[in-house]
Protein chains: 2
Amino acid sequence: MLTMSRWEPNTRERLERAAVALFAEHGYDATTVAGIADRAGLTKSTFFRHFADKREVLFGGQDWLAESFAEAIRSAPPGASTTECLAAVLATAAPLFTPERQDLAVQRQLAIGANSDLRERQLLKRAMLTSAVTDALLDRGADGTTARLAAEMGILAFGTGFALWAEPGNQRPYLEIAHEALADLRACAARLGTDTPG
Amino acid sequence: MLTMSRWEPNTRERLERAAVALFAEHGYDATTVAGIADRAGLTKSTFFRHFADKREVLFGGQDWLAESFAEAIRSAPPGASTTECLAAVLATAAPLFTPERQDLAVQRQLAIGANSDLRERQLLKRAMLTSAVTDALLDRGADGTTARLAAEMGILAFGTGFALWAEPGNQRPYLEIAHEALADLRACAARLGTDTPG
């Protein structure tokens with residue numbers, strides 16, 4: 001194995017791996033940026049070129065993801081159904097969730113699950129992704145109710161797809177799991193749309 | 001009109017009214033607890049018997065609401081459909097949203113809308129209410145997909161019902177609007193469950 005240089009292109013991933021390893025060993029609160037940089041064999045200033053703080057190691061992809069989800073909907077063919085738009089949203093995240101990064105995702109989920117502030121932050125991230133999808137569907141001309149409900153379904157499918165993909169030992173690809181989750185949600189929506197009203 | 005005594009039962013509402021009036025006049029960030037107590041003709045220590053801080057004036061009802069939603073589902077008849085459970089959730093909030101409190105709700109919404117931190121806090125509140133409803137539906141034996149999707153629909157109906165009820169000039173009762181929102185969401189769910197898959 002070659003010695004890692006501080007200029008190699010995967011600096012960001014090295015910092016992510018160092019961070020989640022330290023979160024697992026010492027807890028999120030006890031981990032410092034200096035400790036993360038040190039574990040990665042990098043300097044604090046290198047850390048700060050990639051992340052504003054240690055929380056951003058876990059949530060830094062949010063703006064990119066929100067914008068990608070919106071772009072997936074904007075670039076769907078004019079005649080695409082709402083479900084086809086949601087499938088495009090799910091597909092846009094697939095390049096992030098490769099087999100090589102699955103173990104990193106497992107550790108990320110463990111870190112978030114162990115800390116109530118991070119769990120809150122995760123809920124907020126989901127809510128913000130939902131808003132981005134809602135707005136993009138509204139821009140396509142969906143009515144308010146459809147946009148809001150479809151966005152919730154899309155982000156539920158995304159969240160379920162990601163959570164099951166990031167379970168220890170999982171071997172199935174993210175996109176297969178996410179599409180299955182969306183199909184389950186649609187079957188469920190059809191039932192909830194027709195069960196006995198209150 | 002009788003002079004208000006500091007021991008009258010509506011102390012909490014006086015503090016709420018003073019707070020939202022000050023938020024409207026000076027902005028949320030510039031408003032202090034001392035200023036709120038002063039405007040209400042009460043002391044800071046009286047304020048702190050009702051609220052931990054000024055943010056809790058806007059969000060203090062969250063835990064009560066989450067518990068009430070869960071209890072509404074727990075106490076629904078054994079044979080109640082999921083939709084009937086959601087209707088019970090909507091009804092449980094109705095005593096809070098009386099005509100006398102509508103103007104307070106209008107001001108509350110304006111305060112939240114004007115501040116990005118408060119808008120985030122509102123998203124988080126919705127996510128937490130959704131979690132409470134999800135857990136209560138799971139406890140009733142719903143499968144995970146149904147519990148999550150139905151909870152999103154219930155909280156969307158609640159949020160829409162509240163937001164439209166709290167619009168300036170609205171005269172319709174909250175529960176009528178919320179039930180209509182749930183019916184719209186169910187019709188929409190039926191469509192999303194059967195449109196062209198991606």
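**Notebook: the chain A and chain B interface**

I began with polar contacts across the interface of chain A and chain B, and the rule finds 7 residue pairs, both residues at pLDDT 80 or more. A polar contact here is a pair of N or O atoms within 3.5 Å; within protein, one must be able to donate a hydrogen and the other to accept it, and residues adjacent in sequence count only if both atoms are side-chain atoms. I then listed the elements that give two or more residues to the side of chain A that touches chain B: α6 (82-92), α8 (116-139), α9 (144-165) and α10 (174-192) of chain A. The largest share, 9 residues, comes from α9(A). I sorted that side of chain A by residue class and got 15 nonpolar, 11 polar and 8 charged. Ala, Val, Leu, Ile, Met, Phe, Trp, Tyr, Cys and Pro count as nonpolar, Asp, Glu, Lys and Arg as charged, and the others, Gly among them, as polar.

**Basis**

I note that this is a predicted model: local features need pLDDT of at least 70, side-chain atom pairs count only at pLDDT 80 or more, and totals for chains, interfaces and linings use all residues. Residues are numbered from 1 along each chain as its sequence is written, chains are lettered from A and ligands numbered from 1 in the order written, and side-chain values use heavy atoms, with hydrogens and water left out.

**Confidence**

I read an ipTM of 0.88 and a pTM of 0.90 for the complex. Chain A averages a pLDDT of 92 (the predictor's confidence in each residue, from 0 to 100). In chain A, 95% of the residues score at least 70. Over residues 1-6 of chain A the pLDDT is below 50.

**Area and salt bridges**

I looked up the area buried between chain A and chain B: about 3000 Å², with 68% from carbon and sulfur atoms. Buried area is the accessible area (1.4 Å probe) that two parts lose on being put together, summed over both. A:L149, A:R186 and A:L192 supply 20% of the area that chain A buries against chain B, more than any other three residues.

I found 2 salt bridges between the chains. The term needs a side-chain nitrogen of Lys or Arg within 4 Å of a carboxyl oxygen of Asp or Glu. A:D195 and B:R186 form a salt bridge at 3.1 Å, N to O.

**B:T130**

I placed B:T130 in helix α8 (residues 116-139) of chain B. Helices (H or I, at least four residues) are DSSP runs, numbered from the N terminus. B:T130 counts as buried because its relative accessibility is 8%; the cut-off is under 20% relative accessible area (1.4 Å probe, protein chains only). B:T130 touches B:A151, B:E152 and B:I155, leaving out residues up to four places away in sequence. Contact means heavy atoms within 4.5 Å.

Notes. Buried means under 20% relative accessible area, exposed over 50%, partly exposed in between (1.4 Å probe, protein chains only).
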